[in-house]
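Here is a short report on one protein model. Keep the sequence and the 3D view open while reading.

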Amino acid sequence: EGGDVKLKKCNACKSVRYCGVECQKEHRPQHKRACKKRAAELREEILFKQPESCHLGDCPICCLPMPLDRNVSTLQTCCSKIICPGCDFSDLRRAKELQVGGEAYGKCPFCRGPVPKKAEDFITNIMKRAEVNDPIALCQMGVHRRDEGDYSGAFQYLTKAADLGDAQAHYDLSCSYHNGLGVKKDKKKEVYHLEQAAIGG
């Protein structure tokens, strides 16, 4: 900031400041090549930076890092929380201990809401969470629509989830652009979403 004039950074390279739009336009021919090079360097720094944990983050119960293999973790559809296998096992053991008259405990280990017993209830819970723009639920609905063969609907859900920063949705979108499912094949967008998924962990 110089005097009363607030200097604005170049949006691409972040290394040059301008007093206004006209100033930036005048400097553009001289700055273009260096800007493009620096922007690419910044992109690579972000892309190849080792994330602190996987894109799933930490377990909301024990606060330990989630395993990289998402298949061993459990999604709680009532609250869209993903629980690590250790906490899931502990909850199952607790449920068995609390069985009364043959009826299981049947509550979510995080929010204590009722656990769905039917596939229809599972989808209903996911849809409720998707309606309030929960990125995990939106991604799950996208996968569900894709498995049903509704590729256009899947693309819409995955796009919303990706816009909210869901790394898994970015990866699924890259697959959609690669295979042309619900959208035209686009190598550039495929690579973009793959990179966003990598940056997300």
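**The core**

This is a predicted model. Its largest nonpolar core has 21 residues. Cys59, Met66 and Ala169 have the most contacts inside it. Several elements give two or more residues to this core: strand E4 (81-83), helix H3 (119-131), helix H4 (135-148), H5 and H6. In soluble globular proteins, nonpolar side chains tend to be buried together.

**Helix H3**

H3 has 13 residues. From its first C-alpha to its last it reaches 19 Å, close to the 18 Å expected at 1.5 Å a residue. Which residues of H3 are buried? They are Asn125, Ile126 and Ala130. These residues cover an arc of only 140° around the axis, so they sit on the same side of H3. On the other side of H3, Glu120, Lys128 and Glu131 are exposed. An α-helix has 3.6 residues a turn, so residues three or four places apart point the same way.

The buried residues of H3 pack against strand E3 (74-76), H4 and H5. Just after H3 comes Asn133, with a positive phi of about 60°.

**Helix H6**

H6 also has its span on record here. It has 13 residues and reaches 19 Å from its first C-alpha to its last. That is close to the 18 Å expected at 1.5 Å a residue. Buried in H6 are Ala167, Ala169, His170, Asp172, Leu173, Ser174, Ser176 and Tyr177. Their cover includes H4, H5 and helix H7 (187-199).

Both ends of H6 have a feature to look at. At the start, a side-chain oxygen of Asp166 reaches to within 3.1 Å of the backbone nitrogen of Gln168. After the helix comes Gly180, whose phi is positive, near 70°.

**The aromatic pair**

How many aromatic pairs does a search of the whole structure find? The search finds 1. Phe155 and Tyr177 form this pair, and it is edge-to-face. The ring centres are 5.8 Å apart, with 85° between the planes. Phe155 lies in helix H5 and Tyr177 in helix H6, so the pair ties together parts that are 22 residues apart in sequence.

Are the two partners buried or exposed? Phe155 has 19% relative accessibility, so it counts as buried. The cut-off for buried is under 20%. Tyr177 is at 8% and counts as buried too.

Asp163 is in helix H5. At 64% relative accessibility, Asp163 counts as exposed.

Leu164 is in the loop between helix H5 (151-163) and helix H6 (167-179). With 46% relative accessibility, Leu164 counts as partly exposed. Leaving out residues up to four places away in sequence, Leu164 touches Asn133, Pro135 and Leu138. The C-alpha atoms of Leu164 and Cys84 are separated by 23 Å, and these residues are 80 apart along the chain.

**Other loop residues**

Ser73 lies in the loop between helix H1 (21-47) and E3. It is buried, with a relative accessible area of 12%. Not counting residues up to four places away in sequence, Ser73 touches Met66, Pro67, Ile82, Ile83, Cys84 and Pro85.

Ser80 is in the loop between E3 and E4. Ser80 is buried, with a relative accessible area of 3%. Apart from neighbours within four places in sequence, Ser80 is in contact with Leu75, Arg129, Asp134, Ile136 and Ala137.

Arg112 is in the loop between helix H2 (85-97) and H3. Arg112 has 38% relative accessibility and counts as partly exposed.

Most residues other than glycine have a negative phi. The table lists residues with a positive value.

| Residue | Phi |
|---|---|
| Ser80 | about 60° |
| Arg112 | near 65° |
| Asn133 | about 60° |

Methods. Residues are numbered from 1 along each chain as its sequence is written. Side-chain values use heavy atoms; hydrogens and water are left out. Helices (H or I, at least four residues) and strands (E, at least two) are DSSP runs, numbered from the N terminus. Buried means under 20% relative accessible area, exposed over 50%, partly exposed in between (1.4 Å probe, protein chains only). Contact means heavy atoms within 4.5 Å. A nonpolar core is a set of buried Ala, Val, Leu, Ile, Met, Phe, Trp, Tyr and Cys residues joined through side-chain atoms within 4.5 Å. The expected span of a helix is 1.5 Å times one less than its number of residues. A polar contact is a pair of N or O atoms within 3.5 Å; within protein, one must be able to donate a hydrogen and the other to accept it, and residues adjacent in sequence count only if both atoms are side-chain atoms. The arc is that of the directions from the helix axis to the C-beta atoms. Rings of Phe, Tyr and Trp (its six-membered ring) pair if their centres lie within 6.5 Å; planes under 30 degrees apart count as stacked, over 60 as edge-to-face and the rest as tilted.
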